[in-house]
Amino acid sequence: MDSKVVAQKLVCNIYGITEISCWSNLHILQSLEARVPLGLPIDSDTVLRIVDKQGRELQGECSGELMIGSSTRRCYIPETDGQDKADCSTCCFRATGDYVHRYDDGSICYEDRTNDVVKRIGKRISLGLISRKIQKYLDHQDLAVCLWQQDLQKLICCIRTGELKTKLQQRVQTHNILSKLMASEQPDRFVYVQQFPCNTHGKLDRKALLNECVPLMQPAQKILKSFLHDTLKYMGPTKGGKHPKHKKREPPHLGYDISFRQAGGTSFHAVTLSREIGLQMCVDDEQRHLFEQLLDDSVSIREVLCFLDKVKIVSHHTKLKPIESESTTGSSCSNKLSITRMESSAFNLKVQWKVNFKKCVDSAVAQWDDRYICVGAHSKLLCTLDALSGAVISSIRLPDRIECKVRFVNEHLAMVGCYDGYIYGFQPLTGEFLWSVEIGGMIKAQPLLTADKTRIVVCSYANDYNVMCLSADRQCFLWCLRIGEKPIIAAPLELPLKKSLIICTLDGTYACIASENGKVQWKEKCKEPFFATPVLLEDCPNIFLCAEVAGRVHACDTNSGKILASYSAGGNIFSSLLVKAPATHLDHAFVLFGCIDQFLYCLECKTHTSDPAVEFGLRWKLDVGAAIYGTPTLLTLQPLCFLVCCCATDGRIVLANLSTGQVQYSEKLPGQIFSTPCHIEGQQWIYVGCRDNFLYCLRT
């Protein structure tokens with residue numbers, strides 16, 4: 001008797017980790033079209049838990065890292081469990097390293113590896129998420145994998161093709177993919193391969209693939225030309241007088257005689273290019289100069305290429321700096337200081353002491369009660385120092401570099417933002433961490449403590465909300481807001497009488513929001529980004545000043561945001577504004593700022609009861625010999641006598657008379673200066689960070 005046995009075949013998704021004896025979950029697929037969950041535990045002792053970055057368990061529909069626990073199925077790991085084996089009767093949870101999402105029906109699906117998230121120009125991006133987005137626009141036989149090259153800060157997309165593609169087909173596909181992605185998700189380079197390398201376990205060998213995709217270092221000019229050609233689809237000059245089709249905003253007949261932005265470049269592209277090419281440059285300031293040229297509409301691509309042809313290039317991807325052999329503190333350090341004098345001085349400063357921070361000190365120095373100063377550096381060090389002796393009172397190492405100015409709350413609490421996207425509360429005298437809050441993006445702007453000391457306002461590079469308000473006592477979120485479409489580098493300005501804030505962003509948006517609930521009271525937009533922190537006009541609570549990076553200074557109405565008056569400087573403005581209304585000039589205030597055209601500007605800002613309500617005029621401007629990025633500060637010599645202290649990128653420190661602009665002092669430090677100087681009135685000492693890795697204290 002014949003009988004046929006039909007074997008039923010099942011497709012299963014089995015999931016687990018070695019630390020919990022391999023398999024923990026099982027799911028039988030009913031369809032290959034629907035999402036595939038990780039499944040249910042294979043026994044009653046296995047427990048699943050989803051936690052956030054702080055290790056707190058999440059409930060309901062959520063996303064986080066999956067933890068698997070069991071009291072019966074576990075492996076002993078000496079490296080993490082210690083020498084004594086733990087009690088096996090308790091449930092032991094192990095981290096999977098997998099980022100998952102739990103849906104409202106209770107099913108859990110894999111999303112990414114937790115180490116698959118990287119920071120790209122201040123924004124957190126998921127390599128897996130971008131890979132899946134790109135996959136949607138590929139042929140069914142093609143496969144995309146995104147990789148991150150840390151040294152070059154490059155996002156690389158590798159596409160395995162089922163069929164060979166011509167260069168033209170690759171380029172068409174590349175531009176189709178780029179048009180579907182946000183700027184922060186767009187890969188810097190696309191690489192087409194026939195197969196992916198595998199490791200001995202049969203898994204994708206990402207390291208080997210990355211080595212295949214990263215070419216040897218190209219000349220700086222070639223990097224720029226390749227970027228214009230491949231990413232921006234800009235062809236440049238062509239042979240025979242024929243020109244390709246250009247984007248609408250590109251003058252097709254100018255070739256390389258148009259600006260980078262006219263060719264389709266954005267500020268995001270400029271940062272990406274400056275970072276890659278900057279790794280080859282011997283002088284750090286040349287990288288910043290390249291960035292400025294790329295964003296300057298008056299500088300053509302041809303001029304940028306000529307600049308790149310002249311700069312000095314190192315022979316490796318990374319720049320090596322000599323190890324500092326000097327002692328870190330002490331007045332004897334001033335004997336080794338190389339000083340170049342610009343002219344004879346009527347005033348004199350001496351180096352009292354200096355402290356080595358191991359890397360650049362670009363952050364502005366904060367002081368408390370004329371006794372302590374605190375500053376962070378690119379080395380991740382955050383130090384509180386004795387203002388007189390320079391002795392280190394406390395030293396903390398944060399996870400990433402620090403450009404944010406410290407905000408003192410009192411003698412026992414200070415706050416600082418970090419490149420890792422967290423704001424930290426710490427005890428400045430002991431170095432103890434008191435609390436930390438994840439903001440979600442790089443923090444360069446000094447956090448604001450409101451006048452009533454109940455709220456902390458943080459502006460950042462976060463994708464979702466670039467303005468966040470925390471309660472000062474418990475550090476919980478009170479409200480979150482997104483102003484404009486870009487990050488924020490300028491600190492917020494508080495209007496205490498109105499209980500509101502002025503916020504200026506990198507897309508040119510400026511707005512007034514209520515500090516109590518985050519409600520937008522008005523919002524306006526300028527053409528260019530704001531790097532400068534807005535300031536109130538002294539004795540005029542209804543007028544604030546702001547400065548576009550393109551060189552335009554505006555006086556605006558706090559009630560509506562309306563621009564009342566403007567002044568145009570001769571270059572980009574990265575410096576914030578300093579306002580002073582001396583008692584000897586009752587009808588107007590002085591507005592001071594530095595500019596990359598190498599001038600320190602002093603404007604007279606007059607106010608009237610009739611139209612025009614505000615009027616700008618140039619009182620004086622002083623050529624200091626190099627670009628100015630830091631904000632000027634004032635020194636009070638006598639009740640009615642003020643000096644302006646200004647620092648330039650060539651290391652020069654200049655003191656000038658506030659009223660006349662006459663130079664009283666000029667000296668050079670050994671390194672570039674991008675930091676804003678700090679002045680303690682009672683001592684007449686100046687503190688400034690330098691790119692020779694030192695913080696300097698200069699005294700009269």
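Is Arg691 buried or exposed? Arg691 counts as buried, at 15% relative accessibility; buried means under 20% relative accessible area, exposed over 50%, and partly exposed in between, with a 1.4 Å probe and protein chains only.

This is a predicted model in which local features need pLDDT of at least 70, side-chain atom pairs count only at pLDDT 80 or more, and totals for chains, interfaces and linings use all residues. Residues are numbered from 1 along each chain as its sequence is written, and side-chain values use heavy atoms, with hydrogens and water left out.

**The protein as a whole**

The protein has 700 residues, and 52% of them count as buried. Its secondary structure comprises eight helices and 44 strands. Helices (H or I, at least four residues) and strands (E, at least two) are DSSP runs, numbered from the N terminus. Among contacts with a separation of 6 or more, 48% are between residues 24 or more positions apart; a contact means heavy atoms within 4.5 Å.

**Salt bridges**

Side chains of opposite charge can pair when their charged atoms come close. A salt bridge here is a side-chain nitrogen of Lys or Arg within 4 Å of a carboxyl oxygen of Asp or Glu.

| Pair | N to O distance |
|---|---|
| Glu57 and Arg49 | 3.4 Å |
| Arg302 and Asp257 | 2.7 Å |
| Asp362 and Arg691 | 2.7 Å |

Glu57 is partly exposed, with a relative accessible area of 43%, and Arg49 is partly exposed at 29%.

Arg302 and Asp257 meet in a salt bridge through their side chains. Arg302 lies in helix H8 (residues 301-310) and Asp257 in the loop between helix H5 (220-231) and helix H6 (267-278), so the pair ties together parts 45 residues apart in sequence. Arg302 has a relative accessible area of 38% and is partly exposed; Asp257, at 41%, is partly exposed.

The salt bridge of Asp362 with Arg691 links distant parts of the chain, 329 residues apart. Asp362 is in the loop between strand E13 (350-356) and strand E14 (366-368), while Arg691 is in the loop between strand E43 (685-689) and strand E44 (694-699). Asp362 is buried, with a relative accessible area of 10%, and Arg691 counts as buried at 15%. Elsewhere, salt bridges that share partners join Arg261, Asp297 and Glu528 into one network.

**A four-strand sheet**

Four strands form an open sheet in the order E18-E19-E20-E21, with antiparallel pairing. Two strands pair if DSSP finds at least two bridges between them. Strand E18 (407-410) and E21 stand at the edges with a single partner strand each, so one side of each has no neighbour in the sheet. From one strand to the next, the twist averages 20°; axes are lines fitted to C-alpha atoms, for helices over the stretch in contact, and angles run from 0 to 180 degrees between N-to-C directions.

Strands E20 (residues 422-427) and E21 (residues 432-438) run antiparallel and are joined by six bridges. Tyr424 has Ser436 in E21 as its bridge partner, and Gln427 stands opposite Glu432 in E21. The two strands, E20 and E21, form a hairpin with four residues between them, and Gly431 in the turn has a positive phi of about 80°.
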